[in-house]
Amino acid sequence: MIRPGHLLHAQTALSVSDYIDKYKGVAMDEMRQSGIPASIKLGQGILESGFGNSKLAVRANNHFGIKCHGWRGRTFRKDDDTVNECFRAYDDPLQSFRDHSEFLTGRPRYADLFKLEITDYKSWARGLRQAGYATNPRYPELLIRVIEDHKLYEFDRMAMAGSGYAETSRPIPARPNTLTENKPLGVGDEFPSVGLGREMGENNRIRFVYARSGDTPESLAQEMDVWAWEIYRYNDLPKDSKLTEGQIIYLQPKRRNASESWHVVQEGESLYDISQQYGVKLKTLYRRNDLEEGAPLQAGSRIKLKAFAR
């Protein structure tokens with residue numbers, strides 16, 4: 001039995017590098033048109049859409065979690081802060097990128113951002129938080145980390161040098177119609193998803209999220225649109241496991257090999273810790289290193305992470 005929507009989600013899955021390659025051009029074009037750094041726009045898209053793999057991005061082309069305030073176009077309903085909330089739906093992801101620009105340029109609360117140096121992504125990240133864009137106090141840290149891990153700041157320099165959207169045969173759709181109500185919104189009302197602080201990453205070519213306080217395998221499965229058994233199996237979790245804040249939770253099966261060949265065991269480290277750190281199946285590590293299941297590890301010993309490691 002295939003869970004509704006699950007096959008669609010799997011078929012459209014992107015890696016972080018795929019997402020950057022796909023949208024770097026439009027981010028650079030929007031930087032020149034709106035004054036929003038391409039690094040900021042790409043970084044926010046990665047964080048808020050799970051690099052294009054969230055249900056909202058896949059089904060509604062909404063990469064920035066923008067709700068329906070003053071919206072005359074198509075809509076998409078999903079649970080967020082409350083049940084069955086209304087989100088904007090676009091005909092094309094590029095409309096989402098443009099609408100995001102209009103939100104920032106058209107709201108007085110974000111005006112001070114445009115006084116910053118356009119290549120100063122760190123000040124932009126902190127300024128977004130100060131302006132009320134996100135309720136998560138760690139949002140600037142998360143955004144800066146994504147930008148630096150993937151060197152998104154290079155696209156700011158390229159945009160300033162004239163690089164941009166290369167797919168000239170596919171014009172960017174016109175901006176959708178919106179109501180121009182001068183209606184004040186509460187802090188975080190426009191972009192609710194960024195306040196959730198759900199950072200998605202990729203390790204050993206496997207997508208993962210960090211568990212938050214109160215998460216369970218079942219609640220994560222519902223949020224990420226996967227089966228609960230997948231969370232348990234992909235992370236070698238026993239039934240009724242308790243998750244800890246900051247724990248890596250893989251959304252895809254771990255692999256047989258890591259990119260590294262060996263790991264030197266640290267004091268107090270278990271084979272499960274190593275399995276999660278490198279995204280390698282736990283049973284494979286036991287078998288490859290001739291270890292009994294549950295056997296303690298000796299600090300300073302080496303664990304083979306890859307077949308035929310030398």
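**Close-up 1. α2 passes α3 with a right-handed crossing (the near helix is turned clockwise from the far one by less than a right angle).** This is a predicted model, where local features need pLDDT of at least 70, side-chain atom pairs count only at pLDDT 80 or more, and totals for chains, interfaces and linings use all residues. Residues are numbered from 1 along each chain as its sequence is written, and side-chain values use heavy atoms, leaving out hydrogens and water. Helices here are DSSP runs of H or I with at least four residues, and strands are E runs of at least two, numbered from the N terminus. On the α2 side, the contact (heavy atoms within 4.5 Å) includes Val16, Tyr19, Ile20 and Tyr23, and α3 (residues 38-49) brings in Ala38, Lys41, Leu42, Gly45, Ile46 and Ser49. The two axes, lines fitted to C-alpha atoms over the stretch in contact, with angles from 0 to 180 degrees between N-to-C directions, come within 8 Å and cross at roughly 140°.

**Close-up 2. α2 also packs with α5, again a right-handed crossing.** Here α2 (residues 16-34) and α5 (residues 93-106) sit at an angle of about 35°, axes 10 Å apart. Tyr19, Tyr23, Val26, Glu30, Gln33 and Ser34 of α2 meet α5 residues including Pro93, Leu94 and Phe97.

**Close-up 3. Three strands make an open antiparallel sheet, in the order β3-β4-β5.** Strands pair if DSSP finds at least two bridges between them. At the edges are β3 (200-203) and β5 (248-250), each pairing on one side only. Four bridges link β3 with β4 (residues 206-210), and Asn203 has Ile206 of β4 as its bridge partner.
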